[in-house]
Amino acid sequence: MNLDFTSLKTTSLAAVRGERHKEKILERQKAQELEQAMLSERELNPYWKDGGTGLPPEKDEAASVKKVTMVEDAGLSWLRKSYQRMKEQAEREKRNFEEIVAERYGSMEVFQSRLEEAEKVASRKENCYRSGRWRKTDYSESEKEKNERHMKKETRDEDDRN
């Protein structure tokens, strides 16, 4: 029953971690090789050829963001909700609000410019609706005649009240 502990093989935690890391790298390489084997030389999609992802490369990320923000209100509601969530995240994580904005948008100035642009577009659309652009116009009489008739009606109503 005497056991000599000096003769036992020991491994350190760093060595075990190193072995696991090597195994993970080998698994990734095998997965990549399998994926490459699945790709055929006769592939018709040009974005899959030469180890592509199957999607066309994005040339300008700003253009894709513009497409997303141009909705009914020019993305104003979305930006306001994003602002609110960033504030909540800053409070929850006890971090600086501007750091969180910088992570998501690059800088506070970029976010502010997007918000201002959306507000301008939304106000323009709102003005179009208010100006009566969508009202059915009456082509039978001019605006001047309508105003005169309206004024006469108001004066008659006032006389009736008295």
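Author: R95 is partly exposed, because its relative accessible area is 28%; the term covers values between buried, under 20%, and exposed, over 50%, with a 1.4 Å probe and protein chains only as cover. This is a predicted model, in which local features need pLDDT of at least 70 and side-chain atom pairs count only at pLDDT 80 or more, while totals for chains, interfaces and linings use all residues. Residues are numbered from 1 along each chain as its sequence is written, and side-chain values use heavy atoms, with hydrogens and water left out.

Side chains of opposite charge can pair when their charged atoms come close. The side chain of R95 forms a salt bridge with that of E103 at 2.3 Å, N to O; such a bridge is a side-chain nitrogen of Lys or Arg within 4 Å of a carboxyl oxygen of Asp or Glu. R95 also meets E99 in a salt bridge, at 3.9 Å from N to O. Together with E93, the residues R95, E99 and E103 are linked in a network of salt bridges.

The whole structure holds four salt bridges. One of them joins the side chains of R80 and E119 at 3.9 Å, N to O. This pair links distant parts of the chain, 39 residues apart: R80 lies in helix α3 (residues 76-93) and E119 in helix α5 (residues 108-130), helices being DSSP runs of H or I with at least four residues, numbered from the N terminus. R80 is partly exposed at 48% relative accessible area, and E119 is likewise partly exposed at 34%.

Note on methods:
Helices (H or I, at least four residues) and strands (E, at least two) are DSSP runs, numbered from the N terminus.
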